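Q: I have a structure open and want to learn to read it. Can we go through it together, feature by feature?

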Amino acid sequence: DVIKEWVNGSDITGRPRGMWIIDFGVDMPLEQAAQYEMPFEYVKKYIYPARQKVRRERRKRLWWLFAEPAPNLRVALSGLSRYIGTPRVAKHRVFTWIDPDVIPDMQVVVFARDDDYFFGVLHSKAHEIWALRQGTQLESRPRYTPTTTFETFSLPWPPGSEPTGDPRYQAIAEAARELNEKREAWLNPPNAEVAVLKARTLTNLYNAMPTWLQHLHEKLDRAVFAA
């Protein structure tokens, strides 16, 4: 109930680290949280002392909860079969699907959509170039800033009003689905040795940009620009 997988930017661009985090939700009372004995005692031992030193009264008083439990995000993600995430700072602007039970780190920008169409628009060249121009930088790495990149980006249709029966919509969804499936097949080939998997990361893949991946992105871009 309260032990959740946790993902940050390096889990997306590299290999998943298999990290977990204790999550007592938005407003679980201390008495209820304490019923989860081992997780609660861990938080009491390691988190409680640090929280008593902070200035913000809420964080000090509700020391067993996340400092920022993100209630609006939780509501937005409820009922979705998956959601889209991208590292806030990364060399390549890549997007990936994340399981709804996984807790995103603050350095992961989250999109509360589970449809292939939306994934495809975000992964298009149009959105990539827009994000590079409208975003900022951390050293030499581009930073995705939602207020200047996503909120100003011209989507084919207003979110929530997409014509799902439109051939243009379906073409974007199909191209996005194919991109994700073939990319995942490269990242996680069956029966691969640990040494092979270690090198199979999105960063390494997009550094190399093999022809098959280039063709998949070109197909997706044609569909997005047509819309």
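Q: Is strand β3 (residues 83–87) largely enclosed by the rest of the structure or exposed, and how many of the residues are buried?
A: First, a caution: this is a predicted model. To judge burial, look at relative accessible area; buried means under 20%. In strand β3, five of the five residues are buried, so the strand is largely enclosed by the rest of the structure.

Q: Which residues lie on each side of β3?
A: Read the two faces separately. Tyr 83, Gly 85 and Pro 87 are on one side. Ile 84 and Thr 86 are on the other. All of these are buried, and both faces are covered.

Q: Which strand pairs with β3 over three bridges, and in what sense?
A: Look for bridges between strands. β3 pairs with strand β4 (residues 96–98) in the antiparallel sense, over three bridges.

Q: What about β6: how many bridges pair it with β3?
A: Four bridges pair β3 with strand β6 (residues 108–111), again in the antiparallel sense. Here the bridge partner of Ile 84 is Phe 111.

Q: Now side chains. How many salt bridges does the structure hold?
A: The structure holds 14. To find one, look for a side-chain nitrogen of Lys or Arg within 4 Å of a carboxyl oxygen of Asp or Glu. Arg 56 and Glu 68 form such a pair, with the closest N and O atoms 3.3 Å apart.

Q: Which parts does the pair of Arg 56 and Glu 68 tie together?
A: Check where each partner sits. Arg 56 lies in the loop between α4 (48–51) and α5 (57–61), and Glu 68 in the loop between α5 and α6 (71–77), so the pair ties together parts twelve residues apart in sequence. Arg 56 is partly exposed, at 49% relative accessibility. Glu 68 is also at 49% and counts as partly exposed.

Q: Where do Glu 128 and Lys 125 sit in helix α8?
A: They are three residues apart in α8 (residues 125–134), which means a separation of about one helical turn. Glu 128 is partly exposed at 28%, and Lys 125 is partly exposed at 36%.

Q: What is the N to O distance between Glu 174 and Lys 219?
A: Their side chains meet in a salt bridge at 4.0 Å. This pair links distant parts of the chain: Glu 174 is in helix α9 (residues 167–187) and Lys 219 in helix α12 (residues 211–226), 45 residues apart.

Q: Which residues are linked with them in a network of salt bridges?
A: The network links Glu 174, Glu 178, Lys 182 and Lys 219.

Definitions and conventions: Residues numbered from 1 in each chain as written. Predicted model: local features only at pLDDT ≥ 70, side-chain atom pairs only at ≥ 80, totals over all residues. Heavy atoms only, no water. Buried < 20%, exposed > 50% of the residue type's maximum accessible area, 1.4 Å probe, protein only. Helix = DSSP H or I, 4+ residues; strand = E, 2+ residues; numbered from the N terminus. Pairing = 2+ DSSP bridges.
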